[in-house]
Amino acid sequence: LLRGQQQIKLLGRQQISSPWAILLAKFSDQTQAWPPLTTYEDLFTSAGSGKLGMVDFFNDMSHGKLDVSGTKIFGPYTLPAKKTDYGVTLDRNGVLNLAKTTATAAGVNLGDFAGICVSFLGQVDLCGWIGGMAALCDTLSLSPSLLGQEMGHGYGLNHARIYGSTAD
């Protein structure tokens, strides 16, 4: 394949397995009910294949190279912190680490997964770490277009911008 004057060698057709651990988490002072577990299974796991969830999103966006079908849901967990702590004494890194510690204490081997996404109950946050294979989302952001960008940060994807602009 030629691009300009450079020759680009295409990689083989082998898929890369990149499962995520989805940690359902809430703060200790949250009392609302969780959406049905099938909401998360259809969105994040192979149970949602063919339903335009994250498995389909990453397969399509990577032209068949990225396979996240091994993604699993864990929890829900109640974190030992209040929602009012978030953004005051607990930042994004802190809440990610707290969720990871809570899941690990419950017996989840996070080392079995390429990435970790903490999905919070209610409205909390939506973000991803560039190259960090970690993301936060909440009940209000359970959408492949939003999650694809935030989880995509883990694969090195930055925000999309018009050339020369700093606005997303």
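Reader: How many bridges join β4 to β7, and is the run parallel or antiparallel?

Author: There are six bridges between β4 and β7, and the two strands run parallel. Two strands count as paired if DSSP finds at least two bridges between them. Strands (E, at least two residues) and helices (H or I, at least four) are DSSP runs, numbered from the N terminus. The model is predicted, so local features need pLDDT of at least 70 and side-chain atom pairs count only at pLDDT 80 or more, while totals for chains, interfaces and linings use all residues. Residues are numbered from 1 along each chain as its sequence is written, and side-chain values use heavy atoms, with hydrogens and water left out.

Reader: Fine. In β7, what is the bridge partner of Ile-22?

Author: Cys-117 of β7 is the bridge partner of Ile-22.

Reader: And how many bridges join β4 to β6?

Author: Six, and β4 and β6 run parallel. Phe-27 stands opposite Leu-79 of β6.

Reader: What is the strand order in the open sheet?

Author: The order is β6-β4-β7-β9-β8, five strands with mixed pairing. β6 (72-79) and β8 (127-128) stand at the edges with a single partner strand each, so one side of each has no neighbour in the sheet.

Reader: Which way do β8 and β9 run, parallel or antiparallel?

Author: Antiparallel, with two bridges joining β8 to β9 (residues 134-138). Gly-128 stands opposite Ala-135 of β9.

Reader: Which strands does helix α1 touch?

Author: α1 (residues 37-44) packs on the sheet and touches β4 (20-27), β6, β7 (115-120) and β9. Its direction makes about 135° with that of β6. Contact here means heavy atoms within 4.5 Å. The axes are lines fitted to C-alpha atoms, for helices over the stretch in contact, and angles run from 0 to 180 degrees between N-to-C directions.

Reader: Where does α3 lie?

Author: Helix α3 (residues 92-105) lies across β4, β6, β7, β8 and β9, at about 105° to β6.

Reader: Back to β4. How many of its residues are buried?

Author: Eight of eight, where buried means under 20% relative accessible area, exposed over 50%, and partly exposed in between (1.4 Å probe, protein chains only). Trp-20, Ile-22, Leu-24 and Lys-26 are buried on one side, and Ala-21, Leu-23, Ala-25 and Phe-27 on the other. In a regular strand the side chains alternate between the two faces of the sheet.

Reader: Different topic. How many salt bridges are there in the whole structure?

Author: The search finds two. A salt bridge is a side-chain nitrogen of Lys or Arg within 4 Å of a carboxyl oxygen of Asp or Glu. One of them joins Lys-51 to Asp-42 at 3.3 Å, N to O, and Asp-42 is partly exposed at 27%. Arg-92 and Asp-125 also meet in a salt bridge, at 2.7 Å, N to O.

Reader: Where do Arg-92 and Asp-125 lie?

Author: Arg-92 lies in helix α3 and Asp-125 in the loop between β7 and β8, so the pair ties together parts that are 33 residues apart in sequence. Arg-92 is partly exposed, with a relative accessible area of 39%, whereas Asp-125 is buried at 13%.

Reader: At what angle do α2 and α4 pack?

Author: About 60°, with the axes of α2 (residues 54-61) and α4 (residues 144-152) 10 Å apart. The two helices are therefore oblique to each other; under 35 degrees counts as roughly parallel, over 145 as roughly antiparallel, 65 to 115 as roughly perpendicular, and the rest as oblique. The residues in contact are Met-54, Phe-57 and Phe-58 of α2 with Pro-144, Leu-147, Gly-148, Met-151 and Gly-152 of α4.

Reader: Which residues of α2 are buried?

Author: Met-54, Val-55, Asp-56 and Phe-58 are buried in α2. Their cover includes α1, β5 (66-67) and α4.

Reader: What follows α2?

Author: His-63, with a positive phi near 55°. His-63 and Thr-89 are 26 residues apart in sequence and 42 Å apart in space, C-alpha to C-alpha. Thr-89 sits in the loop between β6 and α3 and is exposed, at 64% relative accessible area.

Reader: Last one. How many helices and strands does the chain have?

Author: Four helices and nine strands. Buried residues make up 40% of the 168 in the chain, and its C-alpha atoms fill a box of roughly 60 × 35 × 25 Å along the principal axes.
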